[in-house]
Amino acid sequence: MISLENVLMMTCIKSPQLSAPMSRGIFSKEDALGVLALVQSKHKLGMLVLQSKIAGDDAATSKLNRTASMLLIQRGFSEVIARGMAFLATREVCGVPRCEVCHGTGERLSRRYSKMFECQACHGTGKILLTAANLAVQLSTLTGQNITNRVFHAAYYDDYMDIINELHSAETAASYAIREKLELTFEQMEVS
Ligand SMILES: [Zn+2]
């Protein structure tokens, strides 16, 4: 049985040659495209999340940014704010970037004690912590506005989390649908 990750990688432009040998026959890129096409119509948003997150598809990431941005504009945010929030939300759902302080290692060398210590900026996780305070700073940078922690909490945080939840649910629904279609396809391949 082929994995969801494999199907997405096979159909990504970056890896056109991949195909998966099966016990009978070969699951080709065309087969993978066929499965995704069936899911695509019903799960547009979820497919974008998967393509961006798993296959690293930049076009999908841009579309996701635009879609999330539109959802936020519909909720009454200005275009500048909506774009900034959409960028942060997409980034949170599709892959959190490395901590800039420790470069992803989670540790920092203390010159004074010549010893490694847990990185304080990311609490040793190696990834940027997505606290409301951090998000407020990042949204300020993205929009060129001064958004304090308090303002972020009061005016943006709930909608930000709603968008995150919407993207996560869409992702779950799309992966479920792909797995279901894959099982069907393989049952048919094994029989024929
Ligand atoms: Zn760090």
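I took helices (H or I, at least four residues) and strands (E, at least two) as DSSP runs, numbered from the N terminus. The model is predicted, and I therefore required pLDDT of at least 70 for local features and counted side-chain atom pairs only at pLDDT 80 or more, while totals for chains, interfaces and linings use all residues. Residues are numbered from 1 along each chain as its sequence is written.

**Entry 1: loop histidines**

I looked up His-123 in the loop between β4 and α6 (132-143). Its phi is near 55°, a positive value in a residue other than glycine. I noted for context that most residues other than glycine have a negative phi. His-123 counts as exposed because it has 12 C-beta neighbours inside 10 Å. For burial I used C-beta atoms placed from the backbone: 20 or more others within 10 Å is buried, 12 or fewer is exposed, and in between is partly exposed.

I then turned to His-103, in the loop between α5 (79-94) and β3. His-103 is not a glycine, yet has a positive phi of about 55°. With 12 C-beta neighbours inside 10 Å, His-103 counts as exposed.

**Entry 2**

Glu-107 stands opposite Glu-118 in β4. The two strands form a hairpin with four residues between them, and Ser-114 in the turn has a positive phi of about 35°.

**Entry 2: α1 against α2**

I fitted axes as lines to C-alpha atoms, for helices over the stretch in contact, with angles from 0 to 180 degrees between N-to-C directions. The axes of α1 (residues 4-11) and α2 (residues 29-40) come within 9 Å and cross at roughly 110°. That makes α1 roughly perpendicular to α2; I counted under 35 degrees as roughly parallel, over 145 as roughly antiparallel, 65 to 115 as roughly perpendicular and the rest as oblique. Val-7, Met-10 and Thr-11 of α1 make the contact with Lys-29, Ala-32, Leu-33, Val-35 and Leu-36 of α2. I defined contact as C-beta atoms, placed from the backbone, within 7 Å.

The axes of α3 (residues 44-53) and α4 (residues 58-74) come within 8 Å and cross at roughly 135°. The two helices are therefore oblique to each other. I recorded the crossing of α3 past α4 as left-handed; this means that the near helix is turned anticlockwise from the far one by less than a right angle, and clockwise is right-handed. Leu-45, Leu-48, Val-49, Gln-51 and Ser-52 in α3 meet Ala-60, Thr-61, Lys-63, Leu-64 and Thr-67 in α4.

The axes of α4 and α5 come within 8 Å and cross at roughly 130°. That makes α4 oblique to α5. I recorded the crossing of α4 and α5 as right-handed. Residues of α4 in this contact include Thr-61, Leu-64 and Ala-68, and those of α5 include Ala-82, Phe-87 and Cys-94.

**Entry 3: Leu-50**

I located Leu-50 in helix α3. Leu-50 counts as buried because it has 24 C-beta neighbours inside 10 Å. Leaving aside neighbours within four places in sequence, Leu-50 is in contact with Leu-8, Glu-171, Ala-174 and Ser-175. Its C-alpha atom is separated by 7.9 Å from that of Cys-94, which is 44 residues away along the chain.

Note on methods: Two residues are in contact if their C-beta atoms, placed from the backbone, lie within 7 Å. Two strands pair if DSSP finds at least two bridges between them.
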